[in-house]
Amino acid sequence: QVQLVESGGGLVQPGGSLRLSCAASGFTFSTSAMSWYRMSWYRQAPGKEREVVAGITAPAGTTNYADSVKGRFTISRDVAKNTIYLQMNSLKPEDTAVYYCNLVHRGYYYWGQGTQVTVSS
């Protein structure tokens with residue numbers, strides 16, 4: 001059974017940084033050319049729809065970002081630790097949201113429970 005567990009959220013001042021982690025169990029990251037999967041970070045602010053923030057696609061490790069976070073956020077993966085990260089720099093109040101980790105593999109979608117990020121002075 002696939003489980004995704006996010007961590008690293010919290011309260012940070014505008015201009016600050018946070019690093020979110022998403023540890024996957026029941027699923028093994030692979031760099032094999034035959035292994036396609038996509039892991040993404042989404043966020044949902046109060047009263048708004050959930051939106052994709054950043055994604056990384058295996059096996060190539062191709063990344064992409066929402067325009068609102070380009071140049072500030074970086075998604076990465078550690079295959080050995082079965083974990084992906086979201087490094088968030090230059091945080092703004094509008095980045096405040098619950099951040100969710102998502103895995104798409106073989107037509108199935110998996111979600112973590114979310115971690116709260118609050119950017120406020």
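**Strand pairing and side-chain links in a predicted model**

Strands β7 and β8 pair in the antiparallel sense over six bridges. Here two strands count as paired if DSSP finds at least two bridges between them, and strands are DSSP runs of E with at least two residues, numbered from the N terminus. The structure is a predicted model, in which local features need pLDDT of at least 70, side-chain atom pairs count only at pLDDT 80 or more, and totals for chains, interfaces and linings use all residues. Residues are numbered from 1 along each chain as its sequence is written, and side-chain values use heavy atoms, with hydrogens and water left out.

Strands of a sheet pair through backbone hydrogen bonds, either parallel or antiparallel. Strand β8 is largely enclosed by the rest of the structure, because five of its six residues are buried. Buried means under 20% relative accessible area, exposed over 50%, and partly exposed in between, with a 1.4 Å probe and protein chains only.

One disulfide is counted, where the term stands for a pair of cysteine sulfur atoms within 2.5 Å. C22 and C101 form this link, with their sulfur atoms 2.1 Å apart. The angle about the S-S bond is -80°, and the link of C22 and C101 is left-handed. C22 lies in strand β3 and C101 in strand β9, so the pair ties together parts that are 79 residues apart in sequence. Both C22 and C101 are buried. A disulfide is a covalent bond between the sulfur atoms of two cysteines.

Strand β9 also contains H105. This residue is buried, with a relative accessible area of 16%. H105 touches F27, W36 and Y37, residues up to four places away in sequence not being counted; contact means heavy atoms within 4.5 Å.

Four salt bridges are counted in the model, each being a side-chain nitrogen of Lys or Arg within 4 Å of a carboxyl oxygen of Asp or Glu. R43, E51, R72 and D95 are linked in a network of such bridges. In one of them, the side chains of E51 and R43 meet at 2.7 Å, N to O. E51 is partly exposed at 36% relative accessibility, whereas R43 is buried at 6%. R43 also meets D95 in a salt bridge, at 2.9 Å from N to O. This pair links distant parts of the chain, with D95 in the loop between β8 and β9 (97-105) and R43 in strand β4 (residues 37-44), 52 residues apart. D95 is buried, with a relative accessible area of 1%. R72 forms a salt bridge with D95 as well, the closest N and O atoms being 2.8 Å apart. The distant parts linked by this pair are the loop between β6 (62-65) and β7, which holds R72, and the loop between β8 and β9, which holds D95; the two residues are 23 residues apart. R72 counts as buried at 11% relative accessibility.

A search of the whole structure finds three aromatic pairs. Rings of Phe, Tyr and Trp (its six-membered ring) pair if their centres lie within 6.5 Å; planes under 30 degrees apart count as stacked, over 60 as edge-to-face and the rest as tilted. The rings of Y42 and W111 have their centres 4.9 Å apart and their planes at 65°, so this pair is edge-to-face. Y42 lies in strand β4 and W111 in strand β10 (residues 108-111), so the pair ties together parts that are 69 residues apart in sequence. Y42 is partly exposed at 21% relative accessibility, and W111 is partly exposed at 38%.

Technical notes:
Helices (H or I, at least four residues) and strands (E, at least two) are DSSP runs, numbered from the N terminus.
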